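Thanks for coming, everyone. Let me put the structure up, and then we will walk through it.

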Amino acid sequence: MAENKHLALQDILNSLFKRKNLDAAIANATKGGLQKTLGAWDLILLGVGAIIGSGIFAIVGVAAAGDLGAGPALVVSMIIAAIACVFSALCYTEFATMIPVAGGAYMYTFATLGEFMAWIVGWVLMLEYAIGFIAVACAWTNHFMQFIRGFSDYLPAFVTNPPQWLISDFRNSVNYYSSQGIDYHTVIPHLANIPICINLPAIFMIALTTLILVKGTKDSAKMAGLMVFIKLAVIGLFVFLGAFFVRPENWTPFAPNGMQGIFMGAFIIFFAYIGFDALATAAEECKNPQKDLPIGIIGSLLITTIVYTSVALVLTGMQRTSGTVPVDFLQAPMAYCMAATGKSWATYTSYLISIGSLAGLTSVLLVLQMASTRVLYAMSRDNFLPKVFQKLHPKFNTPYILTITVGVLGALGTMFLDLNVAASLCNFGTFTSFIIVCVAVLILRKLEPNRERPFKVPFCPLFPILGILCCGGLMFFSMIVAKGEDAVLSTLLFVFWVLVGIIIYLCYGYRKNRLEESKSQISMENN
């Protein structure tokens with residue numbers, strides 16, 4: 001009896017750590033998968049489109065002047081975040097060129113750490129991409145309403161100043177009405193005694209990006225390219241004009257909250273760098289992944305770092321970030337700073353910045369939704385999710401059922417999850433996936449040292465280890481130092497998310513994979 005139990009336990013452990021056959025995965029993706037339409041330029045556009053978005057247009061204000069803001073030292077925070085990204089980006093590039101299959105970090109983990117950890121990483125990637133998708137949609141609403149309110153003299157009041165429950169999630173709506181001394185029960189409509197808040201602008205944009213992605217990845221890249229051009233032009237305009245209004249005294253004190261503020265700023269601004277890893281999930285759709293993916297990943301990260309540091313210097317030079325700052329600066333810092341100059345032409349410039357921010361957020365929505373569907377598509381092929389999600393559109397050859405499902409869930413999420421909590425949750429998911437990819441590179445170098453690697457992480461194992469230390473340090477630092485209700489809530493939700501993922505795997509994914517293995521065994525015996 002004891003021996004049988006030992007054998008059963010051994011079988012379970014073998015299943016949990018069963019690695020995916022890379023050659024079989026690549027062959028399966030080659031013979032029948034997603035359409036290969038993306039080149040190096042498309043990847044750079046998608047990468048820049050994903051990275052330059054809510055971080056630079058919204059989160060940067062909180063990182064500079066929040067409760068533990070970095071102040072003018074935000075530029076140092078950005079460099080720290082960029083360095084942490086570089087080590088992980090090199091690891092992603094090695095994997096993406098070696099395993100050009102949809103799924104990104106999920107697939108890399110399956111090849112190195114086995115089935116259970118692959119599921120956990122895939123589940124955490126959903127936290128990064130899907131929750132990040134919701135966060136960006138909420139930020140899109142904030143910028144859209146700020147833009148619309150600039151036309152209050154020309155548009156009806158119900159358009160420029162609609163009820164809060166029509167443009168926000170439940171939690172923020174309740175806080176807003178409470179601050180006005182209004183009982184939200186008397187204002188927010190109820191359905192079967194359940195208060196209903198509908199973030200209409202966010203839902204509209206999610207519906208639009210869903211339609212674009214269903215039509216095809218190439219069209220999505222074209223859309224992202226247009227958005228990238230608009231937002232880079234607007235950012236360039238801000239840096240050029242804003243430089244004339246920089247006051248050096250605003251850069252003193254340089255780090256009002258010391259190193260604590262700098263590292264907290266690096267954690268917060270890390271959300272602004274999320275996106276380059278999404279390119280790895282599209283590896284299966286690249287024309288020449290071995291050549292194009294390194295260019296796309298490293299190129300987009302380099303471009304965005306230059307853009308970010310330029311904006312940080314001008315922004316903190318225009319607005320003093322130590323002490324109390326206006327709420328509008330925290331929500332839309334660039335538009336606020338231009339309007340605060342008091343120049344007549346600055347008002348029009350702030351409108352252009354709002355347009356640029358909307359374009360930037362739209363491109364981020366496209367890439368994050370695409371990335372989340374590609375990860376789920378890969379997980380469905382591995383029996384972790386129902387096979388219906390593998391179904392491709394007969395005309396556009398895209399995973400349209402998954403795309404629509406993610407869009408619907410994202411729309412529902414905007415009704416309950418606010419921007420700050422979603423951004424922190426997204427960061428936790430990103431740090432976790434980055435750390436595991438760095439670990440996976442080290443493991444696969446030992447397990448399969450002779451496998452062809454078109455791109456190799458230089459100075460291995462030093463760079464992967466530095467990636468682990470940088471990402472892990474920032475994540476745990478934020479857990480220890482972060483204060484306030486949002487910080488505690490996001491930490492608890494991250495732990496809850498991981499626990500729910502483990503339960504789903506044990507109740508569905510594990511059993512489904514063992515059933516498929518039994519079917520395959522029976523089929524082989526019959527043949």
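A disulfide here is a pair of cysteine sulfur atoms within 2.5 Å. By that rule, the count is zero. This is a predicted model: local features need pLDDT of at least 70, side-chain atom pairs count only at pLDDT 80 or more, and totals for chains, interfaces and linings use all residues. Residues are numbered from 1 along each chain as its sequence is written, and side-chain values use heavy atoms, with hydrogens and water left out.

Buried means under 20% relative accessible area, with a 1.4 Å probe and protein chains only.

Next, the inside. A nonpolar core is a set of buried Ala, Val, Leu, Ile, Met, Phe, Trp, Tyr and Cys residues joined through side-chain atoms within 4.5 Å. The largest one has 140 residues. Tyr273 is among those with the most contacts inside it. Helix α7, residues 115-149, gives the largest share of this core, 21 residues. Helices are DSSP runs of H or I, at least four residues, numbered from the N terminus.

Last, helix α5, residues 74-98. Of its 25 residues, 20 are buried.

Key: Buried means under 20% relative accessible area, exposed over 50%, partly exposed in between (1.4 Å probe, protein chains only). Helices (H or I, at least four residues) and strands (E, at least two) are DSSP runs, numbered from the N terminus. The expected span of a helix is 1.5 Å times one less than its number of residues.
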